[in-house]
Amino acid sequence: MSDPVNFVANWLKTVFTNWGVSPTWTTIIISIIGVVVLAGVALVIDIFLVWVERKVVARFQDRLGPNRLGPFGLFQPIADVIKLLLKEDITPDKADKFLFNLAPVLALGMAIALWAVVPLAPTVIGSDLNVGVLYIVAIGSISTLGIIIAGWASNNKFALVGAFRMVAQMISYEIPMVISLLIPVILAGSMGINSIVKSQPVWYIVLAPVAALIFLISSQAELGRAPFDISEAESEIVAGFHIEYTGMKFGLFYAGELLHALTIGGFFSCFFLGGWRGWGAETYPILGIVYFFIKAFFMYWVIMWIKYTFPRIRIDQMLNLNWKFLTPLALAALIMTALLDKIFQNASSVVYIIVMLGGNLVLLYIAYLVTGIYARVERKKVASPEDNRVNFPIKSGANIVETQSSERVQA
Amino acid sequence: MTGLQILFLIIAAITLGGALMVVTTRNLIHAALWLILCLFGIAVLFVLLDAGFFAVAQVVIYIGAIAILMIFAIMLTRKVAKDSGSQTNSTWPIAGIVAIVFFGGLVFLFQNWQPIHTLPPTLPQGYNSIEQLGMALVSPDGFLIPFEVASILLLTALIGALVIAWGKNK
């Protein structure tokens, strides 16, 4: 009884076999049931997430949040869903109807598809792919596609600008994210997420804090949450790629974003916080599910904490942070981890942990020094007036346009 | 006919249909999206062959990078996203004959090629194909030299792109 999910699956298997269903069909039917149940659980959690998000943001902003409907306002999301369902469904004139309807499905569907490789417990995992880490990246690139389609099919300039910004952000931040994911892969010697979790008697946040930090920042950008929400930027482009969506179609984007955030929290806990690991999880897999969700919700809370604490950054700051800070740091951390792992692979585990942690701390200190020097140079440029025009992105952008047009005149 | 073969035929039909739509549809964005369907079909074919790494790499590289870059480029030129001109030019009969001859030649060659008539062997439980791929890429008696040469080629392309983007007004 310690493993209810597999117990039910095995019970169903015997039932189907007794009915005379062939083994192949039994596997297919049980897989379909598993998919439906996992997606259903993810969506039910998603409804609950609406309440969590609203309640937590209220606390961060010193408010109470929803508290009228049900105990602690717990039934508020149900009212939200009814409201979204009853709203008029508007499709803009000259929008690409099929693509316009496809985009929200992709946005939510890809967030659910990620749950296929999440190890909820040692024995409860949708599919223990041996390329699980790459699968996450692949699904991430398809959700980028959903946003492009939404922006283009809406036939709205703000939507298109929002989609452009979002895509620029997502493909840039994919690079440090993938590199930082390679570090747990090196440490575990496997790309399967379950085997990464299994090889973490010591959580990887101790062995690779730099990778954990980079993964957290870049996945925040993948999510398009503040401070990286330039794709929505209410004060500039109204709502970005989902400006034309109403009712439940907007609801799907919203639900997709919330579920994606929890999923990222889950992946963070799998890669750096030991996933389902905890006291007694090996013998009682159901405890593993509890541990996993505690860690995933904690990381979800951290993501919200960042979101509601920092103001939005400009697009040039966003790109500078990625290309001049995160990517070099991630590459340095990757090379350092690979070297140290090879040199100290036969050392005792205490020495190994101390060396890894020390290496990461040295790397962080160097990064701190380098950014300090960079900031001083930048401040000096602003302070001396003749260099001023180089520093303001809008003005330098205007310069580029001017030189281009003058070149064209000469040609 | 096994279930795997039926699945293969369905996926192959979707892939070919997508490829056909890429060249016949008049809207460039739609063409790019049909191309994504076609590439995704190929990824599914890799899955059917138990080549999980290639399937995921296909999605990451072809859909996540190349197709998105194409859509990006097309969206920047929205005015010409619709094409109303003729879809063929005067040389289409020659091209058609070349294509048919080439396809016929391939079919003929494959008919005489023995491995195509054998069923794929089922892989043993716990067979780790990525580990073997990784070892082959970095072992000296494997593909070390081509791998490194390809890396240098990509690095050159990267530096080249940087040099072009740098501009002359610096």
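**Close-up views of chains A and B**

**View 1. The surroundings of Tyr135(A).** Leaving aside residues up to four places away in sequence, Tyr135(A) touches Val117(A), Leu129(A) and Val56(B); two residues are in contact if their C-beta atoms, placed from the backbone, lie within 7 Å. This is a predicted model, in which local features need pLDDT of at least 70, side-chain atom pairs count only at pLDDT 80 or more, and totals for chains, interfaces and linings use all residues. Residues are numbered from 1 along each chain as its sequence is written, while chains are lettered from A and ligands numbered from 1 in the order in which they are written.

**View 2. The largest nonpolar core.** Here you meet Tyr135(A) again: with Ile148(A), Ala163(A), Ala208(A), Ile214(A) and Phe271(A), Tyr135(A) has the most contacts inside this core of 119 residues. Such a core is a set of buried Ala, Val, Leu, Ile, Met, Phe, Trp, Tyr and Cys residues joined through C-beta atoms within 7 Å, where buried means 20 or more other C-beta atoms within 10 Å of the residue's own. Of the 411 residues of chain A, 39% count as buried.

**View 3. Where chain B meets chain A.** In this view, 17 residues of chain B are in contact with 18 residues of chain A. On the chain B side, helix H2 (28–48) and helix H3 (52–75) each supply at least two residues; helices are DSSP runs of H or I, at least four residues, numbered from the N terminus. H3(B) gives the most to this side, with 12 residues.

Key: A residue is buried if 20 or more other C-beta atoms lie within 10 Å of its own, exposed if 12 or fewer, and partly exposed in between; C-beta atoms are placed from the backbone.
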